[in-house]
Amino acid sequence: MWQEVKGYEVKKYGAENADKAAIYIPDIMADVREEDYIIRGTVTAENFLPENALVITSVSVKDYGGELKHIQIGAR
């Protein structure tokens, strides 16, 4: 599941990208780390552009609840 908010914050020194997303991955064995890129959709090495991706800022493994186990990711 991917919950995303797009926007910009205006600060006294200029606008800053305020896009953020909460992403839930049902595989608790996935190798996800802070500072990794995450992008929605299918991407190959040839068409990957870092400016189209979000950077992972937090990773939380929720390994309880039977079939509800998941990894919760915060990204900007």
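Which residues make up the largest nonpolar core?

What we have here is a predicted model, so local features need pLDDT of at least 70 and side-chain atom pairs count only at pLDDT 80 or more, while totals for chains, interfaces and linings use all residues. Residues are numbered from 1 along each chain as its sequence is written, and side-chain values use heavy atoms, with hydrogens and water left out.

Let's begin with the overall layout. The chain has zero helices and seven strands, and reading along the sequence gives β-β-β-β-β-β-β. Helices (H or I, at least four residues) and strands (E, at least two) are DSSP runs, numbered from the N terminus.

Now for the surface. Of the 76 residues, 18% count as buried. Buried means under 20% relative accessible area, exposed means over 50%, and partly exposed is in between, with a 1.4 Å probe and protein chains only. The chain exposes about 5900 Å², and carbon and sulfur atoms supply 51% of that area. Those areas come from the Shrake-Rupley method with a 1.4 Å probe; for residues, only the protein chains shown count as cover.

Back to my opening question. The largest nonpolar core has 10 residues: Trp2, Ala21, Ile23, Val32, Ile38, Leu54, Ile56, Ile71, Ile73 and Ala75. Strand 4 (20-25), strand 6 (54-62) and strand 7 (70-75) each supply at least two residues of this core, and strand 7 gives the most, with three residues. By nonpolar core I mean a set of buried Ala, Val, Leu, Ile, Met, Phe, Trp, Tyr and Cys residues joined through side-chain atoms within 4.5 Å.

How do these strands sit beside one another? Strand 4 and strand 7 pair in the antiparallel sense over five bridges, and there Ala21 stands opposite Ala75 in strand 7. For the record, two strands pair if DSSP finds at least two bridges between them.

While you have strand 4 on screen, please find Tyr24, which lies in that strand. Tyr24 is partly exposed, with a relative accessible area of 23%. Its C-alpha atom is 9.8 Å from that of Val61, 37 residues apart along the chain.

Glu34 touches Ile56, Thr57, Ser58 and Val59, not counting residues up to four places away in sequence. The C-alpha atoms of Glu34 and Ile56 are separated by 5.0 Å, although the two are 22 residues apart along the chain. A contact here means heavy atoms within 4.5 Å. Taking the chain as a whole, 39% of contacts between residues at least 6 apart in sequence join residues at least 24 apart.

Last stop, the charges. Side chains of opposite charge can pair when their charged atoms come close. How many salt bridges does the structure hold? The structure holds one. In that salt bridge the side chains of Arg33 and Asp31 meet at 3.0 Å, N to O. The term covers a side-chain nitrogen of Lys or Arg within 4 Å of a carboxyl oxygen of Asp or Glu. Arg33 counts as exposed at 52% relative accessibility, and Asp31 is exposed at 58%.
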